[in-house]
Amino acid sequence: MASSMPLSEGLSLAVVADDPLVRSALLSLLSGQDLRAEVAAADDVSADVVVWDLGSDPRAAQAHIEDVEDVEAEVVALLPSSAIAATALAAGARGLLMRETSGRALAAAVHAVHAGLLVFDPVLASALIPSREHTPLAEELTAREQEVLQHLSEGLANKEIAAKMHISDHTVKFHVNAILTKLGVTSRTEAVVTAARRGLVIL
């Protein structure tokens, strides 16, 4: 289920949470920041920013992370564990907070991601930016592949990357496959996490 609310400056916000008690608590937290809410369908989120509670079970949260990838809005994800922070970031979430966050911090994160910033709880720093791997790649990334990789780390889909780089979707797919091969991974999520560990992208 989701609840949407109009914010200042024409910004609209949706709150998504399976647990109705959690959903009510989030709406209460945000209303304490002078934000008003109205109910909307969870599978029809048309807001600018989505506050998404991933639940209390880290394993179940993985399924919700896959749903995040399909949302066009900026997402502030509320995490049950730091272990899934990098995966949520790679899926496109631009705000990462622990579920115990305060209303003030949550409201600040909403406005920050809407302004194009990346926001994450300080306790997630080590999970998002682990110690860099120094083993050199068997084959270095080209400048074009590096550019595509940075866009991947921003959660952009192939079509969005193609539009930004003024190249075809097919060319983007070719570069993505080359990146996966050179990094020795099998998914876009793994590519972003591995690249972050190597210092190849700025998160």
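1. Glu 147 is partly exposed at 32% relative accessibility, where partly exposed lies between buried (under 20% relative accessible area) and exposed (over 50%), with a 1.4 Å probe and protein chains only. Its partner in a salt bridge is Arg 144, with the closest N and O atoms 3.4 Å apart; the term means a side-chain nitrogen of Lys or Arg within 4 Å of a carboxyl oxygen of Asp or Glu. Arg 144 is also partly exposed, at 34%. Both residues lie in helix H6, three residues apart, about one turn of the helix.

2. This is a predicted model, in which local features need pLDDT of at least 70 and side-chain atom pairs count only at pLDDT 80 or more, while totals for chains, interfaces and linings use all residues. Residues are numbered from 1 along each chain as its sequence is written, and side-chain values use heavy atoms, without hydrogens and water.

3. The structure holds five salt bridges. One of them joins Arg 99 to Asp 53, at 2.7 Å between the closest N and O atoms. Arg 99 sits in the loop between strand S6 (95–98) and helix H4 (103–114), and Asp 53 in strand S4 (residues 49–53), 46 residues apart; helices (H or I, at least four residues) and strands (E, at least two) are DSSP runs numbered from the N terminus. Asp 53 is buried at 5% relative accessible area, whereas Arg 99 is partly exposed at 27%.

4. Glu 139 and Lys 182 form a salt bridge of 3.7 Å, N to O. Glu 139 is in the loop between helix H5 (125–128) and helix H6 (143–153) and Lys 182 is in helix H8 (residues 169–183), so the pair ties together parts 43 residues apart in sequence. Lys 182 is buried at 14% relative accessibility; Glu 139 is partly exposed at 49%.

5. Glu 139 and Lys 182 also belong to a network of salt bridges with Glu 145.
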